[in-house]
Amino acid sequence: MTIERVPQKHYPKADIGRRGMALGLDFFVVWLVSSLLGSSNIGIQFVEILVFVILWLVLRVLLVYNNKGQSLGRWAFDLKVLEVDDGQVMGRIPDLQALVKREAIVGLGALLVSIALSNITANPTAILLVFPLGIDCGTAFSDAQMQQALHDRYCGTFIVSSRRGYSLDIKIKRLVENIRRKMIK
């Protein structure tokens, strides 16, 4: 009797542009709701921050954990988050603790961007608060093999393309192509 190695299922890597758009959509939804509940005063708004953190955790942790690895943005762009073990992509979503760690890192960067957007008119140097998220997510460009950001490497996660979703990027490309064809005619 011989032991045969079962070939690992192939999970296609998600391109960085789609990952960025999915993160942007999630950020926009959370930022919009939290900024509507905040006041118009300049400075750090604690209610706005609290609402942002709660919504971020609900959208990016609880929804992902209960929706097969997809948040609203990942669903719209056909992506999902999976667990990585020793450089091999597993076919399961990460456990709740790994998702909380992952989204605490990304959420902190997103919260700083939210604070920067709220205060950019009064204090233009607030744009510097974008750098932590940029550095975290920008490391995916330097990882040629797996294209993992720092938060993915730390938490053992990986973003893959999925078949289940809305395909927003494909639908937008088709819409633009149809408009382009009509403009030419």
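Gln70 is buried, with a relative accessible area of 1%. The model is predicted. This residue is found in the loop between helix 2 and helix 3 (72–76).

**Around Gln70**

Which residues does Gln70 touch, not counting residues up to four places away in sequence? They are Leu63, Val64, Trp75, Asp78, Leu79, Lys80, Ser162 and Arg164. With one of these, Ser162, there is a polar contact: the two side chains are joined at 3.0 Å. Asn178 is another matter. Gln70 and Asn178 are 108 residues apart in sequence, and their C-alpha atoms are 29 Å apart in space.

**Nonpolar cores**

The largest nonpolar core has 13 residues. Those with the most contacts inside it are Phe27, Val30, Phe52, Trp56, Val106, Ala110 and Leu111. Three helices each supply at least two residues of this core: helix 1 (16–37), helix 2 (46–66) and helix 4 (96–119). Helix 4 gives the largest share, five residues.

Leaving aside neighbours within four places in sequence, Val30 is in contact with Phe52, Leu55, Trp56 and Leu59.

**Aromatic side chains**

How many aromatic pairs does a search of the whole structure find? The search finds five. One aromatic cluster is formed by Phe27, Phe28, Trp31, Phe52 and Trp56. Phe27, Phe52 and Trp56 are also among the residues with the most contacts inside the largest nonpolar core.

A charge also meets a ring. The charged end of Lys171 sits over the ring of Tyr166, 3.7 Å from its centre.

**Salt bridges**

Side chains of opposite charge can pair when their charged atoms come close. In this model the count comes to eleven salt bridges. The table gives three of them.

| Salt bridge | N to O distance |
|---|---|
| Arg92 and Glu83 | 3.2 Å |
| Glu103 and Arg102 | 2.6 Å |
| Asp143 and Arg153 | 3.8 Å |

Take Asp143 and Arg153, whose side chains meet at 3.8 Å. This pair links distant parts of the chain, ten residues apart. Asp143 lies in the loop between helix 5 (131–142) and helix 6 (150–155), while Arg153 lies in helix 6. Asp143 counts as buried because its relative accessibility is 15%, under the 20% cut-off. Arg153, at 39% relative accessibility, counts as partly exposed.

Arg92 pairs with Glu83 through a salt bridge of 3.2 Å. With a relative accessible area of 43%, Arg92 is partly exposed.

Which residues are linked in a network of salt bridges? The network holds Arg19, Asp26, Arg60, Arg74, Arg102, Glu103 and Asp152.

Technical notes:
Residues are numbered from 1 along each chain as its sequence is written. This is a predicted model: local features need pLDDT of at least 70, side-chain atom pairs count only at pLDDT 80 or more; totals for chains, interfaces and linings use all residues. Side-chain values use heavy atoms; hydrogens and water are left out. Rings of Phe, Tyr and Trp (its six-membered ring) pair if their centres lie within 6.5 Å; planes under 30 degrees apart count as stacked, over 60 as edge-to-face and the rest as tilted. A charge sits over a ring if NZ of Lys or CZ of Arg is within 6 Å of the ring centre and within 35 degrees of the ring normal. A salt bridge is a side-chain nitrogen of Lys or Arg within 4 Å of a carboxyl oxygen of Asp or Glu. Buried means under 20% relative accessible area, exposed over 50%, partly exposed in between (1.4 Å probe, protein chains only). Helices (H or I, at least four residues) and strands (E, at least two) are DSSP runs, numbered from the N terminus. A nonpolar core is a set of buried Ala, Val, Leu, Ile, Met, Phe, Trp, Tyr and Cys residues joined through side-chain atoms within 4.5 Å. Contact means heavy atoms within 4.5 Å. A polar contact is a pair of N or O atoms within 3.5 Å; within protein, one must be able to donate a hydrogen and the other to accept it, and residues adjacent in sequence count only if both atoms are side-chain atoms.
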